[in-house]
Amino acid sequence: MKKERFLRSLSFFYFPIARASAAIYFPRSEAGARLWTEQQAARVPDGDNMRLAIETLDGELVGTISSHHCDPRNGNFQYGVAIFRDYHRRGYASEAVTIFLRYFFQELRYEKVTAHVFAFNETSQRLHEHLGFQLEGTPRNMIYTNGQHYDEYIYGLLKSEFVR
């Protein structure tokens, strides 16, 4: 049942959240979304790179959080979080990120996390600043979407800053 709800939610969620992601792909059919979801669920773990569902305490899917470019030797990784529009500004992203970072910093012994945020995504900028991330760089004109180029902001957070 949860899988079915996730698949239905994904088809409605896909396009609006894609606008804030690295690329917008041609819209998928429900069958295409189902196939992609099943392939993602069947993937073998790749080190510390992972994608997790974010759910309410009642089991309702509200978004996803993922880690990528994990480098345990040097102790750094990147992550991304996406919350369905109907659940924005309810604390889900903040809580999920905090739990996720606690796991990476305290259990996996990572030292630094970075998040790449596009200039048009002011909500994500505020989230990262609220969580203590520091703006570390601004590559210019990195994303083309909706007929315009936008800068990308790179936010970083050290383990010592997170613990405070």
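Which residue just after helix 3 takes a positive phi? The close-up views below lead there, through a predicted model.

**View 1. The whole chain, before we zoom in.** Here the protein chain holds five helices and eight strands, arranged along the sequence as α-α-β-β-β-α-β-α-β-β-β-β-α. Of its 164 residues, 35% are buried. Among contacts with a separation of 6 or more, 54% join residues 24 or more positions apart. The accessible surface is about 10500 Å², and carbon and sulfur atoms contribute 50% of that.

**View 2. Thr-56 in its loop.** Look for Thr-56 between strand 1 (50–55) and strand 2 (61–71). Thr-56 counts as buried because its relative accessibility is 14%, and the cut-off is under 20%. Setting aside neighbours within four places in sequence, Thr-56 is in contact with Val-62 and Tyr-92.

View 3. Helix 3 runs over residues 92–107, and its 16 residues should span 22 Å at 1.5 Å a residue, which agrees with the 22 Å between its end C-alpha atoms. The buried residues of helix 3 are Ala-93, Ala-96, Val-97, Phe-100, Leu-101, Phe-104 and Phe-105. They cover an arc of only 150 degrees around the axis, so they sit on the same side of helix 3. In an α-helix, residues three or four places apart point the same way, because there are 3.6 residues a turn. Turn to the other side of helix 3 and you will find Glu-95 and Glu-107 exposed.

**View 4. Just after helix 3.** Here is the residue we asked about: Arg-109, with a positive phi of about 65 degrees.

Note on methods:
Residues numbered from 1 in each chain as written. Predicted model: local features only at pLDDT ≥ 70, side-chain atom pairs only at ≥ 80, totals over all residues. Heavy atoms only, no water. Helix = DSSP H or I, 4+ residues; strand = E, 2+ residues; numbered from the N terminus. Buried < 20%, exposed > 50% of the residue type's maximum accessible area, 1.4 Å probe, protein only. Contact = heavy atoms within 4.5 Å. Areas by Shrake-Rupley, 256 points an atom, 1.4 Å probe, with all protein chains shown as cover. Expected span 1.5 Å × (residues − 1). Arc of directions from axis to C-beta.
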